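Here is a friendly briefing to read with the model open beside you. It goes through aromatic pairs, charged contacts, a disulfide and a pocket in turn.

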Amino acid sequence: MVKRYRWAAGLAAVCGLLMAAPQANAEVEPGGWTPQSPGYKVQEKGCGHADGMTFSLTCGDTSGEQRAERRYDTYTGGTHQFEGYFRISSMGGSRISLKQTFRDTSGSQGPYYMLAVENGGRLYTVAGGTTVSDAGTVGATVRVNTVNQVGKTHRTYINGSLANTVDSPSGSYYDKFGAYRTSSGNGPITVTWSNVKFWSK
């Protein structure tokens, strides 16, 4: 009887540890993913300032290049997933891009997919203005996953739910996140990213 109690207690302890442990993988689509650790460079322009994972635009300028971002390494082909959580702590401006999947095809670089936020919390695609979610309010923590199946589709998930799908041309891409003033936007804004992960398959 004592052995049975000890076995039950041990099983309960293991279950408790498993329930308390953070998820090693949080990718939003079926398995087969390999974790990646791409390198990055910090980009600061105009009134943009990066301090670790906190990115700020300190001015309300409506012209010029205002950005503070991390630019990750370029990839070509395959399927690539980004995951990160952002929290806007203050926002006096509007129409700021928070995450980009940037197309980097030789001699023809350019923004391809830009996820931006308006004052009030609307998340939208800069190309076309499609609403993705209303989750981007000040103080809220928002989980973002993008899955770029190069040559097929680019999918965006907000808080684990599929929110947007667009075509993905073949070529080379890289991920960026932080704070970037769109052509119709302005700061100030302060946003902090956390738990950023990458996978490919």
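Counting Phe, Tyr and Trp rings (for Trp, the six-membered ring) whose centres lie within 6.5 Å, there are 12 aromatic pairs here. The model is a predicted one, in which local features need pLDDT of at least 70 and side-chain atom pairs count only at pLDDT 80 or more, while totals for chains, interfaces and linings use all residues. Residues are numbered from 1 along each chain as its sequence is written, and side-chain values use heavy atoms, with hydrogens and water left out.

**Aromatic pairs**

- F55 and F177 make an edge-to-face pair, because their ring planes stand at 85° with the centres 5.8 Å apart; planes over 60 degrees apart count as edge-to-face, under 30 as stacked and the rest as tilted.
- This pair links distant parts of the chain, with F55 in strand β4 and F177 in strand β15 (residues 172–186), 122 residues apart; strands are DSSP runs of E with at least two residues, numbered from the N terminus.
- F55 and F177 are both buried, where buried means under 20% relative accessible area, exposed over 50% and partly exposed in between (1.4 Å probe, protein chains only).
- F86 and W193 form a tilted pair, at 5.4 Å from centre to centre and 50° between the planes.
- Here too, distant parts of the chain are linked: F86 sits in strand β7 and W193 in strand β16, 107 residues apart.
- Both F86 and W193 are buried.
- One aromatic cluster takes in Y40, F55, Y72, F82, F86, F177, W193 and F198.

**Salt bridges**

- The model has 10 salt bridges, each being a side-chain nitrogen of Lys or Arg within 4 Å of a carboxyl oxygen of Asp or Glu.
- R67 takes part in a salt bridge with E65, their closest N and O atoms lying 2.8 Å apart, and also in one with E69, at 2.8 Å from N to O.
- E65 counts as partly exposed because its relative accessibility is 38%, whereas R67 is buried at 10%.
- E69 is buried, as is R67.
- Shared partners join K45, E65, R67, E69 and K176 into one salt-bridge network.
- E118 bridges to R122, with 3.1 Å between the closest N and O atoms, and E118 is buried at a relative accessible area of 19%.

**Disulfide**

- There is one disulfide, taken as a pair of cysteine sulfur atoms within 2.5 Å.
- C47 and C59 are the partners, with 2.2 Å from S to S, and the link is left-handed at -65° about the S-S bond.
- The two cysteines come from distant parts of the chain, 12 residues apart: C47 lies in the loop between β2 (40–45) and β3 (48–51), and C59 in the loop between β4 (54–57) and β5 (67–72).
- Both C47 and C59 are buried.

**Largest pocket**

- Which residues line the largest pocket? Among them are Q36, P38, Y72, D73, H80, D175, F198 and W199; lining residues have an atom within 4 Å of a pocket point, on a 1 Å grid over the protein atoms alone, and a pocket is an open set of points with protein on both sides within 12 Å along at least five of seven lines.
- The lining divides into five nonpolar, five polar and two charged residues.
- β7 (79–91) and β16 (189–200) each supply at least two lining residues, and β16 gives the most, with three.

Technical notes
1 Å grid on protein atoms, 1.4 Å probe; cavity = no way out; pocket = protein on both sides within 12 Å on 5 of 7 lines; lining within 4 Å. Helix = DSSP H or I, 4+ residues; strand = E, 2+ residues; numbered from the N terminus. Nonpolar A, V, L, I, M, F, W, Y, C, P; charged D, E, K, R; others polar.
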